[in-house]
Amino acid sequence: MVQIQLWFYLLVAIVVSTCDAFVAGQGGVVAHVQAIVRGTALLPCDLTPPAPNDSVVLVVWYKDEHTPIYSYDTRTSSNQAHRWQDSSLDSRAFFRTLTEPSTLSIDNIGEKEEGEYRCRIDYLRSPTKNLRVKLTVIVPPQKPKIFDEKGKEVETRAGPYEEGGDMKLSCIVTGGKPEPIIKWWRGEKLIESLETRSGFQNVRSNQLVVKGLQRSDQHAAFTCQASNNNISQPVSSTVTIEIHFRPLKAEILSSNNPFSADRKYEIACQTFGSRPPAKITWWMDNKEMKPYMFNHTQVDSLDGNSSTSTLTFMPSRLDNGRTLTCRAVNHLVQNGMEESSIKLNIFYLPILHLSLGSNLNPDDIEEGDDVYFECKVNANPWAYKVLWKHNGQIMQQNQKGGVIMSNSDLALQGVTRSQAGNYSCVASNVEGDGDSNQVELKIMYKPICRPEQKRVYGVGRHEKARVLCEVESFPPPESFKWSFNNTAETVDVPQTNFNTGIHHSSSTLTYTPVTELDYGTVMCWANNLAGRQLEPCVFHIIAAGKPDPPFNCTILNQTSESLEVECVEGFDGGQPQYFLLEVYDEQNDVLHANVSAKFPLFTVSGLEAGKILRMIVYSANAKGKSEGVTLEGFTLKVAEKQTVLSLGTRDQYDIAPVLGILIGIVTALLLVTIIILGALKVRAAQREGSHASRPGFLPVKEKVTLPLRSESEDLFEKDDKNPDVVPANKDSDYQLGSAVQTPGLNNALLTTGNDFEGQRITPLSEAYIARDRAYQPQHVPDEVTYAELSLVRPNTLDATKNGGNQYGTLRARDEPTIYAQIDHSKKPPNGNAMPPAVTAAAVKSSPVVSPVSSLFPMSKPGLYHREVVTVRTPLMGCQQESCV
């Protein structure tokens with residue numbers, strides 16, 4: 001009975017439900033609900049009764065109209081409602097009555113549970129109410145995937161792209177219901193994109209294009225977002241982009257200062273803005289400077305924004321004007337190159353090239369020609385000074401002398417043979433001095449006699465004389481010619497009698513005199529390409545004789561065991577001479593030393609101390625030995641040597657007595673000096689008084705005193721230091737002659753062209769005249785001068801060191817002896833004042849007679865300029881005549 005009743009109620013309910021569904025289908029309100037798949041769906045159902053004081057008895061949920069899936073029944077005996085759900089819900093459903101409105105919550109909703117749901121509400125009194133709910137299950141899309149233009153999926157970073165290039169990214173989204181919407185974002189900014197069709201179901205794509213990428217786009221984040229509902233969060237994927245940049249700038253960090261050649265420099269080049277860092281290379285005139293030849297290093301900054309390369313460079317002068325380039329290259333981008341260039345300014349020493357004028361033939365330049373040189377200068381900076389050198393000596397410009405200079409040319413007008421030699425030019429700039437090559441200037445000139453060759457040859461009869469004729473010329477002589485002249489005839493010498501030297505600059509004549517007529521003059525001419533010698537070389541063949549004795553002998557460097565003797569050699573007699581020294585002990589006349597030498601300079605050693613010595617000097621040649629010159633000397637005593645040493649040893653001897661003696665000597669000298677000054681002052685007053693007696697027609701002239709001092713030494717000082725009678729000053733008028741029958745050195749003649757008219761000149765006399773030409777007389781001025789020569793005779797004077805046979809010992813006298821006085825009232829006929837005393841002394845017969853004076857007797861007064869003074873000539877005779 002109960003089962004029948006239950007089935008009845010169910011049948012009624014079905015009928016009612018069908019009726020309600022019909023009624024609801026005819027005009028019921030449908031609610032729309034969305035739920036995310038695998039989410040929770042909330043289906044609303046309003047339980048509010050139509051009539052007041054009514055209550056809900058039963059709530060049933062249907063799926064697709066007829067399939068009950070959930071019921072909420074309050075008709076139970078207990079106070080709690082009875083809940084039922086279909087097995088398809090798997091306990092995922094729960095009806096919530098406390099919410100407003102009440103909702104059926106279905107968890108983990110599936111895509112298949114999408115559809116239309118109906119909620120039927122049975123009241124206790126009111127009629128049943130049906131509510132319809134349309135459930136839409138939303139399926140979100142999958143996570144977007146981003147692909148580049150090459151079709152490669154990009155996960156985190158896209159690129160790299162080039163600066164200024166374009167970027168294309170495609171975002172592909174799979175699945176989603178309804179279809180999702182795809183958008184691109186850059187950070188928080190929505191950017192435009194283009195939606196494309198993929199051609200596959202449930203697959204959508206969207207492409208992003210960014211043109212002209214800039215540096216600001218580096219590492220920018222781009223997000224692709226896909227969404228198909230407002231409930232859940234959109235799905236998205238984000239990528240960043242990498243961009244390669246070209247270098248912004250390259251710069252050589254070098255000042256504009258010039259470089260010096262052959263010096264090491266470090267030149268830096270910096271570039272920045274390149275990503276990745278650019279590679280820096282160095283180029284010289286578009287030719288790369290390879291690392292294995294040129295050392296350069298590169299350092300990149302920590303952030304990679306800048307790079308610096310340092311080139312170690314040693315420029316040469318050939319690099320001047322070249323272009324040095326620093327090139328920064330990023331090969332990962334197009335046109336990714338920047339460079340910086342500087343033009344090298346290399347300072348270097350001047351380089352010079354000297355050459356003879358292009359129009360000149362260096363082998364055909366003669367004396368008198370004009371010559372010029374060209375000096376080409378290569379220098380940086382330009383040379384500020386150019387000097388010219390001749391044989392290593394700096395030349396000076398002399399336009400009057402024909403030497404004209406400029407910075408690049410040297411002109412020599414009318415060259416002479418002295419201007420031959422090596423020429424060079426020197427240029428100077430801030431780097432230093434540069435020398436050119438040397439150019440030899442060869443000047444052809446006719447042969448001339450070489451100076452200082454032997455001109456007089458002494459030879460005996462039937463002896464061979466080898467006469468050497470040396471000439472200077474360019475080019476060397478080609479031939480020689482000899483001739484002989486004996487005043488009777490001039491004869492050319494056969495070529496078989498002479499021969500030419502090895503270097504063709506000399507010729508030697510072999511000549512043998514047989515008779516007196518074979519003595520005379522031989523002359524030598526040379527010929528070369530420039531012509532024949534104008535003036536011949538003249539040689540005199542005279543009869544050979546003994547040499548003259550040496551003169552002006554002096555003792556030097558005397559010690560306790562040695563001394564030196566030095567003399568001046570006399571005439572060699574026409575033969576090669578040598579010199580002899582004999583040293584004797586003055587007391588016992590024992591020979592201690594016998595020394596020979598080629599020159600009159602002797603050193604004698606091994607002597608005993610404290611000895612008085614007599615020394616005799618000879619000159620000798622093949623014809624014999626000259627007369628001897630006697631000297632007196634001595635060796636120092638050993639005690640004297642010790643006394644000198646004791647002056648420096650104060651701890652051994654007391655020097656107080658020595659100081660006392662020295663003070664006394666100094667005091668005595670001061671007193672003597674005062675007395676002498678007083679006497680001189682008195683004599684000066686007397687001389688001033690004598691001026692009043694001069695003739696009134698003569699102008700007053702200052703008195704010229706002929707001093708007997710050489711510089712600061714008086715006669716006695718010189719006599720003490722130099723034992724010779726006559727000084728060895730070659731410029732003095734006191735020249736020495738020979739005591740033998742050979743011409744003296746100072747027997748020169750003052751004569752005119754008519755002095756020898758009508759007289760026969762023999763070859764021998766001509767040889768003597770030629771020998772004496774080296775000592776020409778001094779010019780006698782026209783003005784009248786006078787002199788007083790006085791010599792105070794000392795009380796005592798030791799014997800002369802040159803021996804007692806030269807002059808006598810002076811004795812004590814009270815008054816000074818006046819040797820010469822000049823009378824100004826007389827003049828010789830030729831206008832040259834000559835003191836009578838001097839004239840008388842000059843014409844007085846001398847004990848030595850020159851062969852020349854015997855050949856040419858004096859025909860007029862004043863023919864001889866000075867008398868012949870020899871070693872044996874007394875300084876004063878018994879008549880006390882002057883030798884001045």
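**Salt bridges, cores and rings**

Modeller: Arginine 204 and glutamate 179 form a salt bridge, with their closest N and O atoms 3.9 Å apart. Arginine 204 belongs to strand 17 (residues 203–210), whereas glutamate 179 sits in the loop between strand 13 (167–174) and strand 14 (181–186), so the pair ties together parts that are 25 residues apart in sequence. Please bear in mind that this is a predicted model.

Biologist: Are arginine 204 and glutamate 179 buried or exposed?

Modeller: Buried means under 20% relative accessible area, and exposed means over 50%. Arginine 204 counts as buried because its relative accessibility is 12%. Glutamate 179 counts as exposed because its value is 53%.

Biologist: What does the salt bridge of lysine 623 and glutamate 463 look like?

Modeller: Their side chains meet at 2.9 Å, N to O. Lysine 623 is in the loop between strand 53 (612–621) and strand 54 (624–625), and glutamate 463 in the loop between strand 39 (456–459) and strand 40 (465–474), so this pair ties together parts 160 residues apart in sequence. Lysine 623 is partly exposed, with a relative accessible area of 29%, and glutamate 463 is partly exposed at 31%. Salt bridges may also link into a network, as with Glu111, Glu114 and Lys177.

Biologist: Let us turn to the nonpolar residues. What is the general idea, and which residues have the most contacts inside the largest nonpolar core?

Modeller: In soluble globular proteins, nonpolar side chains tend to be buried together. The largest nonpolar core here has 26 residues, and those with the most contacts inside it are Leu43, Cys45, Val59, Trp61, Phe95, Leu104 and Leu135. Two or more residues come from each of strand 1 (30–36), strand 2 (41–45), strand 3 (56–63), strand 4 (67–73), strand 6 (93–96), strand 7 (102–106), strand 8 (115–123) and strand 9 (129–138). Strand 8 gives the most, with four residues. Apart from this core lies another, of 24 residues, among them Ala379, Val403, Met405 and Cys425.

Biologist: With which residues is leucine 43 in contact?

Modeller: Beyond its neighbours within four places in sequence, leucine 43 is in contact with Val33, Trp61, Ser102, Thr103, Leu104, Ile106, Tyr117, Val133 and Leu135.

Biologist: How should I read the aromatic rings?

Modeller: A pair of aromatic rings is described by the distance of the centres and the angle of the planes. Eight aromatic pairs are counted. Tryptophan 61 and phenylalanine 95 form a tilted pair, 6.4 Å centre to centre with 55° between the planes. Tryptophan 61 in strand 3 and phenylalanine 95 in strand 6 are 34 residues apart, and the pair links distant parts of the chain. Both tryptophan 61 and phenylalanine 95 are buried. Elsewhere, ring pairs link Tyr457, Trp482, Phe498 and Phe539 into a cluster.

Biologist: Which residues make the nonpolar surface patch of about 550 Å²?

Modeller: Val658, Leu659, Ile661, Leu662, Ile665 and Leu669 make this patch. Leucine 669 is placed in helix 3 (residues 656–690). It counts as exposed because its relative accessibility is 52%.

Biologist: How many helices and strands does the chain have?

Modeller: The chain has seven helices and 57 strands. Of its 884 residues, 37% count as buried.

Note on methods:
Residues numbered from 1 in each chain as written. Predicted model: local features only at pLDDT ≥ 70, side-chain atom pairs only at ≥ 80, totals over all residues. Heavy atoms only, no water. Core = buried A, V, L, I, M, F, W, Y, C linked by side-chain atoms within 4.5 Å. Buried < 20%, exposed > 50% of the residue type's maximum accessible area, 1.4 Å probe, protein only. Contact = heavy atoms within 4.5 Å. Patch = residues over 30% accessible without salt bridge, like charges linked within 9 Å, V, L, I, M, F, W, Y side chains within 5 Å. Areas by Shrake-Rupley, 256 points an atom, 1.4 Å probe, with all protein chains shown as cover. Salt bridge = Lys/Arg side-chain N within 4 Å of Asp/Glu carboxyl O. Phe/Tyr/Trp six-rings, centres within 6.5 Å; stacked < 30°, edge-to-face > 60°.
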